[in-house]
Amino acid sequence: MAFYRPARWQNAAVIVTLALLLVLPSLLTALDQSYYTGFATRVLIFALAASSLNLILGFGGMVSLGHAAFFGVGAYVAAICYDAGIHEGLLVLPLAALVAGLFALLIGAISLRTRGVYFIMITLAFAQMTYYLFISARAWGGDDGMPIYERMRFAGLSLLADEALYYLALGVLALCMLLFARLAQARFGRTVQAIRENETRMEALGYPVFRYRLVCFALGGAVAGLAGALLANLTGMASPNLLQWTQSGTLLVMVIIGGVGYLWGGLVGAVVLLLLEEFLLAWFEHWHIALGLLLIGIVLFAPRGVAALFGKHHG
């Protein structure tokens with residue numbers, strides 16, 4: 001499967017969407033619906049996490065069920081920084097990305113020596129081991145997790161208001177999406193895509209296949225760590241639940257709904273899934289039934305995901 005990005009005619013739509021996102025908090029405040037600013041921030045954060053998984057899955061062709069490990073590690077880095085008195089986001093966010101990226105590098109160095117279902121299972125195994133490690137670590141809160149009683153600052157500015165954290169999450173997401181778009185067209189990106197399409201041929205041509213796949217895997221883990229740190233500040237908690245395999249499954253469902261291998265697939269999937277959950281829960285306790293029907297509909301009528309209805313193939 002190839003990696004996808006928006007067609008040129010969609011650039012205007014992207015700019016309009018970004019403009020709407022910039023005025024969204026003000027619009028919600030004017031409508032006396034400020035609560036949804038926090039919800040919108042959560043959507044942006046999960047869009048970032050899902051996009052990082054899409055980088056590994058759609059771009060690199062690596063089906064991982066352990067992505068939540070990097071997501072959760074980033075959250076715990078933010079909580080540990082708070083506990084240590086480090087409140088500056090310019091330090092916390094890069095540190096969360098670095099630790100999660102190095103952790104992904106370690107896991108990838110072992111996992112990427114396998115293929116197919118074995119790779120899926122070994123990433124799942126590492127994620128579960130990480131989950132139980134944090135569950136048993138009393139210094140980090142054990143089952144209860146680690147609370148964050150005050151949000152970090154960013155460049156000295158307070159993120160206490162939901163609007164401030166929203167704009168930070170929006171900025172981080174925009175920068176990462178720009179990075180992914182550039183990466184897809186760079187030499188590194190094209191090499192990774194070629195490896196995904198025909199690994200044997202690339203090895204025969206002398207490319208260090210393992211190294212390219214490992215860097216891609218580590219980059220996806222680092223971006224997931226960023227998302228985890230942002231989520232911990234939004235919720236005020238780094239919880240072991242973020243490390244569970246079900247969280248990896250949720251991110252995977254977002255990517256499938258949005259479109260595996262499409263640049264905007266993770267973002268679209270996060271928006272669709274979280275909006276579905278938010279609004280159906282108000283009317284229907286068993287909203288997962290609707291989710292199941294949605295997945296069936298996507299498989300039957302849009303097997304490449306929702307983003308495929310608007311994207312163009314550039315593989």
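1. The lining of the second largest pocket divides into seven nonpolar, four polar and two charged residues. Here Ala, Val, Leu, Ile, Met, Phe, Trp, Tyr, Cys and Pro count as nonpolar, Asp, Glu, Lys and Arg as charged, and the others, Gly among them, as polar. The model is predicted: local features need pLDDT of at least 70, side-chain atom pairs count only at pLDDT 80 or more, and totals for chains, interfaces and linings use all residues. Numbering runs from 1 along each chain as its sequence is written, and side-chain values use heavy atoms, with hydrogens and water left out.

2. That second largest pocket has a volume of about 270 Å³. Its lining counts 13 residues, and Arg-42, Gln-247, Thr-250, Glu-277 and Trp-287 lie nearest its centre. Helix 10 gives the most, with five residues. At least two residues each come from helix 2 (35-59), helix 10, helix 11 (265-281) and helix 12 (288-301).

3. Which helix does helix 3 (residues 67-83) cross at roughly 110 degrees? It is helix 10 (residues 245-258), and the two axes come within 7 Å. Helix 3 is therefore roughly perpendicular to helix 10. His-67, Ala-68 and Phe-71 of helix 3 make the contact with Gln-247, Ser-248 and Leu-251 of helix 10. These contact residues divide into three nonpolar, three polar and no charged.

4. The axes of helix 2 and helix 9 (residues 209-235) come within 8 Å and cross at roughly 170 degrees. The two helices are therefore roughly antiparallel to each other. Residues in the contact include Arg-42, Ile-45 and Phe-59 of helix 2 and Phe-217, Gly-220 and Leu-234 of helix 9. The contact divides into 17 nonpolar, five polar and one charged.

5. Terms for the helix points. Helices are DSSP runs (H or I, at least four residues) numbered from the N terminus. Axes are lines fitted to C-alpha atoms over the stretch in contact, with angles from 0 to 180 degrees between N-to-C directions. Angles over 145 degrees count as roughly antiparallel, and 65 to 115 as roughly perpendicular. Contact means heavy atoms within 4.5 Å.

6. Phe-70, Phe-103, Phe-119 and Phe-217 form one aromatic cluster. The count comes to 13 aromatic pairs (ring centres within 6.5 Å, taking the six-membered ring of Trp).

7. The whole structure holds three cavities of 30 Å³ or more. The largest cavity has about 50 Å³ of space. Its lining includes Tyr-82, His-87, Glu-150 and Arg-151, and divides into six nonpolar, two polar and two charged. On a 1 Å grid over the protein atoms alone, a 1.4 Å probe fits in a cavity but cannot get out, while a pocket is an open set with protein on both sides within 12 Å along at least five of seven lines; lining residues have an atom within 4 Å of a point.

Technical notes
Angles under 35 degrees count as roughly parallel, over 145 as roughly antiparallel, 65 to 115 as roughly perpendicular and the rest as oblique. Grid points are joined across faces, edges and corners, and a volume is the space filled by probe spheres set on the points. Rings of Phe, Tyr and Trp (its six-membered ring) pair if their centres lie within 6.5 Å; planes under 30 degrees apart count as stacked, over 60 as edge-to-face and the rest as tilted.
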